[in-house]
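Have the model open while you read.

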Amino acid sequence: MINNLKAIEKEFEAKIKGVTDEKTLEQMKKEFLGKDSVIAQAGMHMKSASVEEKKEIGKLSNILKAKFMRHFDELTHKFKTFELNKRLEGEKIDLSIPGVKLDFYNKHPLNLVIDEIYTIFSELGFDLVDGTELETDEYCFQKLNLPIGHPARDMQDTFYINEKLVLRTHCTNMTARALTEAAKNLTKNSYVSSVSYGNVYRRDDDDATHSHQFMQIDGFALGDKISFANLRWVLDYMCKRLFGEATKIRMRPSYFPFTEPSVEVDITCVTCKGAGCNICKQTGFVEILGAGMISPKVLTLNNIDPEQKTGLAFGIGVERIAMLKYGIKNIRDFYENDVRFLKQFKFFGE
Ligand code: DAH
């Protein structure tokens, strides 16, 4: 057996020199280390060999195995490097060829509106808060004075994931979350205000002005002396910034379970500037958002004492603002990603 091993070493040395490709290398691996190889036979032979012989055969076959493997590894590496270099050579980049021109458009019109409103509120000192689209029934409804079974839920009831989780029907869930969070550190004179935006989902039939999924911006301010006059000022200021200095707002009494009093806010019609036209149904005004003073009930539900703090709140439909601002007639245009639509916004925004 020892002689066999010595002979195979010689044979290996002679053959390995002639290996010039991966295929032959694989064959050699099989021949010299595979299950019919002399090394494998030596292993079998050891079972019946004497102690002395075992030692000698074991040692020699280990040395040979290591030697074979080292050569195989070296060659594998050599062939791989060669292949790679060959490929790189073929892939040389010609920097003198003119590039492919990409069309860069502007931000999506909904993002333009969100950016603009966020800028206004951050200048007014509001925090900007990220929201969650998948919300618990508790924060979407219960903490906003919409207990289980409340009829006002019917207007919104939508996509339940299970008994407790729902795709939020409005961004007011973040106002509930922010109020609960704020309640932990409220002191005399402390003041909290934030806005949040994102997708909301409703059981709505899709048409030119309605979509079962759309975007909202919801905000609130809570403090010791926040009044309805503050609410009016904030919304008036925002509308003038969004639609121009000449814009007037009008507040109409309305109902939301989480605000008391509640109002629907209109602005002078962007098309006819208040004169009366088809868009505003001859009224001179178009509705743009809902708002109100946070209901004492909601403050209590979020662990805030309504005797100590008051708050203003509002919820804005982003699509509605964008449609009025840019004269868009069909809400679906926002979602279809048609570049002919999107590229019209190239000159808006920054
Ligand atoms: N969440 C209301 C809706 O989706 C809008 C709204 C109204 C939000 C009044 C508010 C608010 O924060 O104070 O119709």
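The second largest pocket holds about 160 Å³ of space. A pocket here is an open set of points on a 1 Å grid over the protein atoms alone, with protein on both sides within 12 Å along at least five of seven lines, and lining residues have an atom within 4 Å of a point. For volumes, grid points are joined across faces, edges and corners, and the space filled by probe spheres set on the points is what counts. This is a predicted model, so local features need pLDDT of at least 70 and side-chain atom pairs count only at pLDDT 80 or more, while totals for chains, interfaces and linings use all residues. Numbering starts from 1 along each chain as its sequence is written, and side-chain values use heavy atoms, with hydrogens and water left out.

**The second largest pocket**
- Its lining is made of F243, G244, A246, T247, T268, C269, V270 and K273.
- By class, that lining splits into 4 nonpolar, 3 polar and 1 charged. Nonpolar means Ala, Val, Leu, Ile, Met, Phe, Trp, Tyr, Cys and Pro, charged means Asp, Glu, Lys and Arg, and the others, Gly among them, are polar.
- K273, one of the lining residues, sits in the loop between β7 and β8. Its phi is near 55°, a positive value in a residue other than glycine.

- Searching the whole structure turns up 2 cavities of 30 Å³ or more; a cavity is a set of points where a 1.4 Å probe fits but cannot get out.
- The largest cavity has about 50 Å³ of space, and L144, T172, T175, D218, F258, T259, I294, V298 and A313 line it.
- That lining counts 5 nonpolar, 3 polar and 1 charged residues.
- The second largest cavity comes in at about 30 Å³, with V129, C171, M174, T175, S194, V195, S196, D218, G219 and F220 around it. Two or more of its lining residues come from each of α7 (172-183), β4 (192-201) and β5. Helices (H or I, at least four residues) and strands (E, at least two) are DSSP runs, numbered from the N terminus.
- By class, the second largest cavity is lined by 5 nonpolar, 4 polar and 1 charged residues.

**Around the ligand**
- There are 14 residues around the ligand, and H170, T172, R202, Q216 and D218 come nearest; to be near, a residue needs a heavy atom within 4 Å.
- The shell divides into 5 nonpolar, 7 polar and 2 charged residues.
- An N or O atom in the T172 side chain is 2.9 Å from a nitrogen atom of the ligand. A polar contact is a pair of N or O atoms within 3.5 Å; within protein, one must be able to donate a hydrogen and the other to accept it, and residues adjacent in sequence count only if both atoms are side-chain atoms.
- A backbone N or O atom of A313 is 3.2 Å from a ligand oxygen atom, and a backbone N or O atom of F314 also lies 3.2 Å from an oxygen atom of the ligand.

**Backbone and domains**
- E260 and P261 are joined by a cis peptide bond, with omega about 0°, and P261 is in strand β7 (residues 259-268).
- The chain is divided into domain 1 (2-90) and domain 2 (109-343), with bounds from an automatic or database domain assignment. Taken over C-alpha atoms, the two domain centres are 75 Å apart.
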